[in-house]
Amino acid sequence: MSRLGTMAATIAVICGATLPLACQQTQAQGRDAGREAVRTGDYQRALAILSTLARSPTATDADRFALVRAYRETGRYAEAVETASQFAALDPIWHVTLGELAAIRGDLDEAERHLRTGLATEGSLAIRSGAHLGQLLLERGRREEAKRLLVNVIRGNPGRDGESEDLAAVAAALEALGTAWGEPDRFREALRMYDRAIAADSSNLEAQVALGTMFLAKYNRPDARTTFEAVLRVNPRHPRALLGLALVALAEGRAEGDDLLGQALETNPNLVEARVALATTHLEREDYAAAEREVSKALLTNPASLPALTVLAASHLFGGAPAAYDTVARRVLDFNPVYAEFFAQMSVLSARNRFYQQAVDLARRGVALDSISATALAALGLNELRVGAMREGRSHLERAFALDPFNVWTKNTLDLLDTFDQYGRLESDTLRVIAAPDEVDLLGPYLMELGEAGYRSLAARYEYRPTRPIQLEVYRHHPDFSVRTVGLAGLGALGVSFGNVLAMDSPSARQRGEFNWGSTFWHELAHTFTLGVTDHRVPRWFSEGLSVVEERRARVGWGAQLRLGFLMAYHEGKLLPVSRLNDGFVRPSYPEQVGFSYYQASLVCEMIEMTRGSDAINRMLDAYRRGLPGPEVFREALAVEPEAFDKEFDRWFVERFGSVLEAVAGADGGAFHRELQRGLLSEKAGDTEAAVVAFERAKELFPEYAEQDNPYWHLARIHREMGRLKEAARELARLTALAESDYAANLEEAEVLEELGDLAGAAEALERAVYIDPRDPALHERLAVRYGDQGRWREAARERQAVLALNPVDRAEAHFQLARAWFHAGDRAAARRAVLRALDIAPAFERAQELLLQIRGISPQGGLD
Amino acid sequence: MIPLILSLLGAPHQDAATHTLIVTGVGGEGKYREAFVQQAGTLITNLIEEYGVNPAEVVWLAETPALAPDRISGRSTRQRVVTELQRIAAGAGPADRVLFVYIGHGSDAGEPKLNLPGPDLGATELHALLEAFPTQLVALVFGASASGGFIERLQGPNRIVVTATKTGFERNETVFSTVFARAFGGEAADTDKDGRLSLAEAFEFTTHEVARLYESDNRLQTEHARLSDSTLARRFVFVPKGARSVSVVDDSAGAALLAQKQRLERDIESLRAQRETLEPNEYDRRLEELLVALATVNRKLRERAGVPR
């Protein structure tokens, strides 16, 4: 007990019931201190003071409310109820508090009884009871009854002179009506009313928390954050303000969300909404058992909490317990037969776990229960778009937007859909490419080739054939891609796979060298197979790891490679064990962790193949498909305990990269760094032979290093300058085999190989460069010439098509060159079409005229060839 | 294949001279000084070697003549530029053409100016100097930043004005001149493939490539070139050095072929005008028919002129 608390108890004993004036003054001071302690979040001190003084005959209503609030905010609900019950005889206003407390504990009948008692009166009590009861009835699905009550609350608006709590109650009623009946104007009214409530009493933190929560519900995170922070400046331990701020942080993907949740639960371990939020983070990490454990704690406090039951149902559904899911779902619908939010949330969680078709089905059930549920309609629309049902998705999003125009996900997506009319398409049996028309022309032929090859290769490996055509959307502007995938701008990813619908950045969306669009497509295509073959049950880490491995199989140089930062993270103990690798993707604890996790996951997949054969991968996928939890998958498919596998991987990693780890160890960057620096300094000083020795040594120490200032690049440059072209070509070949996005290295390699007369090799290097940045017509012209030199006229034609797609100023020449390539490739029809386009632009174009005569078989003598 | 230029296509008058004055302004920094010299050098080389411009009719004034002493005629001071323009005006025939190209920095604080060593040369003074070319076709190309205002100040009859920027407010460094010089360096800018390069084609090539350069660098385009008169610019043509000309048809068979060629070209033009009203396949069928006929006639004409296939 605090010093002041001890003093307060002592005061009560000494003064007894007689209460001389001095004692009354002392008690009043103590009660003031107690109320202040509640206001500022020193709950322990508040309880020490008020548990005695608030019960004294001289105590005021404010003292008594403060005591009950202290119990409530610290999760001591039973004591709060007991105390409030004692005070109920003094004033019927306590029925509101008792109703609220009963609702918090899930005793809905008791809550209704208290609130109806309050409702039977007039004035403040009726307003507050009506607002709470209206919300309670909504939660139970008694919508019409709720609506009558809530409308009455609004009619009873006390106006500008009303008490802050009454105004806040009216605001809550407006908000509830706006949410349940999709009436956007109600939120604007609610905002005004909350503002009035706060203006009437700036110490009414409950009104501020309610306002912050409404901001959050309406996707206005900046104002929500400001509002919660204002509360926390007064009361740094306010559990629901901490919860609100945590939800803002989690929604923004910031790491402090978990910490804030922890702080909220430290103050109030029985805060159901915080437990639900924590359980949801476990769901997102695909740790269903932890989610179930966490939400069970919430249900101990409130067994009727619909959000808690929803998360419990989700943990069962995604954790492979469909029967348990059905049981919980029935329980939810017993509480509220029209609770569309259950299916809406299940849909959102399904999508987060990549079960997109399931997300559609669940959202549709939500809409069936409540056709004006904006959340269910939005979930339905967004997920229909993800599975390629564009028309239906748009229609549902439009309905959702009419009901809830504040939803930025819906708005952004509809804005994006408005631009779809301007997109072009290219379709084969296997792949449908949707992109800006000029990008369809430029990228389409390459994507079609990759799509066909990828489908064949991946179908054989995973013994699974996804429904065709697979839809690939390519976005020129990264924010559009981001909106398409998560509804908001700001996603860091390059591509995403929803299963049979893929979306990715086009090369124009990024700076040259930022990514390889060919490998990105292949990566996402691989997801289509691993998601499909497991009915979308494959965990993120495994699917990502396999996709990276497939990139490496597809082309030399593709796929993430070992980076210095990854080795540093290993030295610093920042890499996750395999059993927790999923966290590195879904909730990274430092910025580079996602990238490192991709690489690490690919290593795990490679290790499994190397140590247990490629069948082991398919056995794991099959086990995931059957819904086995992760640890069980390792036991069944790999015959190893997860913890043992963690250790095995660590040993394997050290064995494989031990010497490299050693070479980069140490505060100065290790021997590798020293050699690299020595090489750079020697080169700068003009001592090329010393530089070569140092770079060679650096290469030997860390052969995978292909980042900026890598030894291969410098060696190649030195060798080329010295006329040692073969050596230069060798270094460049090593470099381009390690760095999938090094445009300059590929062009350099092509030049050197051309000088060496290796035209086929040069063409390969140029083609690799195309997959890094296809926007330079000169690159395609050069590649077309190389293919022409080798008689590979179909490839030459593809390059000539790329030149045309880049809208060259000399379109007649570009059409002519395309015609020429088709002519040599033996496709006279295509050649004719192209040469006509050339001559349509420039009828006087002599070379094109001659080609036309050749295509038509007209000999110089006027006859047919 | 060597381009075949037929007299009927309207090649520039054989007797008309093209007086070319290239001015590179003050660089300010070494890198600009060198860049301006390189751009001007490329342009002059291309004009002479690709398009047969008479070196004696080309004058190049630069900030630092020592950078290319064998090619630069003098320092690009305001006075020297004035003197050269006056000299050209005094010597130019009434049907001659004048090409004035400025490569360098520009400024526009109420009046567009060329930034020259010493005093700048403003649009007002330049306008007065150009009064000395009453009949000659004059092309003025300003490859400078903030040059857009020259169009309004200098446009007039028989005058083509090209600026690297849209207005005087586009003040960033431009890439216009680099690309413009390249336009004369091959066949790429000859988009109608008639074997000649018009100033309009060079301008289209430049604007197109400038936009592409900015786009490929993911940079916001900060220069938007303008052309005052595209019709006149199509008449300001450069004929490749190696082009052969069939200027005289002295027998009836040759005349018939040329007449047939002319008719076919008119028919093609007429068909192209109807394009929107025809089904694409029908359009192509008719176009192909005419083109095959045209190609056959051209082949015969080339054979008569002794031009190899």
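Chain B is divided into domain 1 (15-238) and domain 2 (244-305), with bounds that come from an automatic or database domain assignment. The centres of domain 1 and domain 2 of chain B, taken over C-alpha atoms, are separated by 36 Å. The model is predicted, so that local features need pLDDT of at least 70 and side-chain atom pairs count only at pLDDT 80 or more, whereas totals for chains, interfaces and linings use all residues. Residues are numbered from 1 along each chain as its sequence is written, and chains are lettered from A and ligands numbered from 1 in the order in which they are written.

Chain B contains an open sheet of seven strands in the order E4-E3-E2-E5-E9-E10-E12, with mixed pairing. Strands (E, at least two residues) and helices (H or I, at least four) are DSSP runs, numbered from the N terminus, and two strands pair if DSSP finds at least two bridges between them. Strand E4 (74-75) and strand E12 (226-227) of chain B each have a single partner strand, so one side of each is left without a neighbour in the sheet. Strand E2 (residues 18-24) and strand E5 (residues 97-103) of chain B pair in the parallel sense over seven bridges; Thr20(B) has Leu99(B) in E5(B) as its bridge partner.

The contact between the chains takes 29 residues from chain B and 25 residues from chain A, two residues being in contact if their C-beta atoms, placed from the backbone, lie within 7 Å. On the side of chain B that touches chain A, helix H6 (199-216), helix H8 (252-273) and helix H9 (280-305) of chain B each supply at least two residues. H9(B) gives the most to this side, with ten residues.

In chain A, the axes of helix H11 (residues 184-200) and helix H12 (residues 205-217) come within 9 Å and cross at roughly 155°. This angle makes H11(A) roughly antiparallel to H12(A), a term for angles over 145 degrees. Axes are lines fitted to C-alpha atoms, for helices over the stretch in contact, and angles run from 0 to 180 degrees between N-to-C directions. Ala190(A), Tyr194(A), Ala197(A) and Ile198(A) in H11(A) meet residues of H12(A), including Leu211(A) and Met214(A).

Chain A also has an open sheet of five strands, in the order E1-E2-E3-E5-E4 and with mixed pairing. Its edge strands, E1 (424-427) and E4 (495-497) of chain A, each pair on one side only.

Definitions and conventions:
Parallel < 35°, antiparallel > 145°, perpendicular 65-115°, else oblique.
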